[in-house]
Amino acid sequence: MKTAQPDVIPGNERHSAAHTGPNMKALVYHGPGKCAWEDHPRPAIQDAADAIVRITTSTICGTDLHILKGDVPTVTDGRILGHEGIGVVDAVGDRLSGFRTGDKVLISCITACAKCDFCRKGMYSHCRNGGWILGNTIDGTQAEYVRIPYADTSLHPLPPVADEEALVMLSDILPTGFECGVLNGQVKPGDTVAIVGAGPIGLATLLTVQFYSPAAIFMIDLDDNRLQVAKRFGATALVNSSDGNAVQRVMELTERNGVDVAIEAVGVPATFDICQGIIAAGGHIANIGVHGEPVQLHIEKLWDRNVTLTTRLVDTVTTPMLLRIVQSGRLQPGKLVTHRFALSDVMKAYDTFGNAAREKTLKVILKSDGVR
């Protein structure tokens, strides 16, 4: 997927001009294609349910690239990016009961108040007081510090010694692939499954779909390097879609039947079209990708096929379960990490992540290089 690359612009001091408290460094968005690593006021407790977390490990998500393309209009000039991270609790509000200063924590990409009607349905992504707000409508995690609202239900405790590179994948991509792709797709033992997109989200889906022992897993992508990674991770068939014949190839491999579950993991019209073209009668199309432009629903071909189409924003309801599996060693998302950077080198990390085919990038790790 071709993405707009961020321009480095001079540090913007407009935040600190009237600010007398301590500053920190953060990656700040300044409109499509523009962001800067600059001074920014350090967050403070605003509500008794808040926690301030000092970031030790973070990463970059494909959604961050969509933001930089201008696909997410709720992200406005001046916003600190990022919604994934691990850190240490630095301060707590008076109403916080589950965490204390010094605790190591996993930050969920979804903020949940746990009290509203959507939270009570387990739809934390639509929390009336939270949802996906980090790096979207409030400042995010690609910074030295971050404020976490409703911290009791938006953080997960970690042991003092933990594999942060593996566990940071639980902030977003692992529950996203599992919930939006595998669970929404209602994968069953013996199913044939196609995952369209072998980027980090698609590979996280590949890792978790194997919980249900599908008979075949087709991985479809433009990039041969990523397809070979998918093979090592458990894909049973690889399809390079660069020639435009992916649908034909999958139909040949399935004796013209198509697949039981087609999972869209990119967010562009071409990959959604592949899913529509390969789905079997009675099958499920599960969309994960963040779409910044319209797609065409071929209802003229699907109206009589008993096909289910699902969309979803991750709710992170499965994070505790996935956390236990990762800590047991049965699931190893650390295999997704290909590049490591100091947090202060986040601009280089974005260039590497945004040029994934050239750099053979999957997930990049951002490690704190000291807090001022």
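Okay, let me start with the second largest pocket, which is lined by M251, D273, Q276, G277, I279, H298, K301, L302 and R305. Before I go on: this is a predicted model, where local features need pLDDT of at least 70, side-chain atom pairs count only at pLDDT 80 or more, and totals for chains, interfaces and linings use all residues. Residues are numbered from 1 along each chain as its sequence is written, and side-chain values use heavy atoms, with hydrogens and water left out.

Back to the pocket. On a 1 Å grid over the protein atoms alone, a pocket is an open set of points where a 1.4 Å probe fits, with protein on both sides within 12 Å along at least five of seven lines, and lining residues have an atom within 4 Å of a point. This one holds about 220 Å³ of space, the volume being the space filled by probe spheres set on the points, which are joined across faces, edges and corners. Who supplies the lining? Helices α8 (269-278) and α9 (299-302) each put in at least two residues, and α8 gives the most, with three. Helices here are DSSP runs of H or I, at least four residues, and strands are runs of E, at least two, numbered from the N terminus. By class, the lining has three nonpolar, three polar and three charged residues. For the classes, Ala, Val, Leu, Ile, Met, Phe, Trp, Tyr, Cys and Pro are nonpolar, Asp, Glu, Lys and Arg are charged, and the others, Gly among them, are polar.

Next, the rings. There are two aromatic pairs in the structure. Rings of Phe, Tyr and Trp (its six-membered ring) pair if their centres lie within 6.5 Å; planes under 30 degrees apart are stacked, over 60 edge-to-face, the rest tilted. F178 and F211 go edge-to-face, 5.5 Å centre to centre with 70° between the planes. That pair links distant parts of the chain, 33 residues apart: F178 sits in helix α4 (residues 173-183), F211 in the loop between α5 (200-209) and β10 (216-221).

F178 is buried at 3% relative accessible area, while F211 is partly exposed at 33%. Buried means under 20%, exposed over 50%, partly exposed in between, with a 1.4 Å probe and protein chains only. The other pair is F178 with Y212: the centres are 6.4 Å apart and the planes at 20°, so that one is stacked. Y212 is in the loop between α5 and β10, 34 residues from F178, and is partly exposed at 28%. Put together, F178, F211 and Y212 make one aromatic cluster.

One more ring: K335 lies over the face of F233, 4.7 Å from the ring centre. The test there is NZ of Lys or CZ of Arg within 6 Å of the ring centre and within 35 degrees of the ring normal.

Now the backbone. Most residues other than glycine have a negative phi. A114 has a positive one, near 70°; A114 lies in the loop between β6 (104-107) and α2 (117-120) and is partly exposed at 38%. Q186 has a positive phi of about 50°, in the loop between α4 and β9 (192-196), and is partly exposed at 47%.

Finally, the whole chain. The secondary structure comes to 12 helices and 16 strands, and 56% of the 372 residues count as buried.
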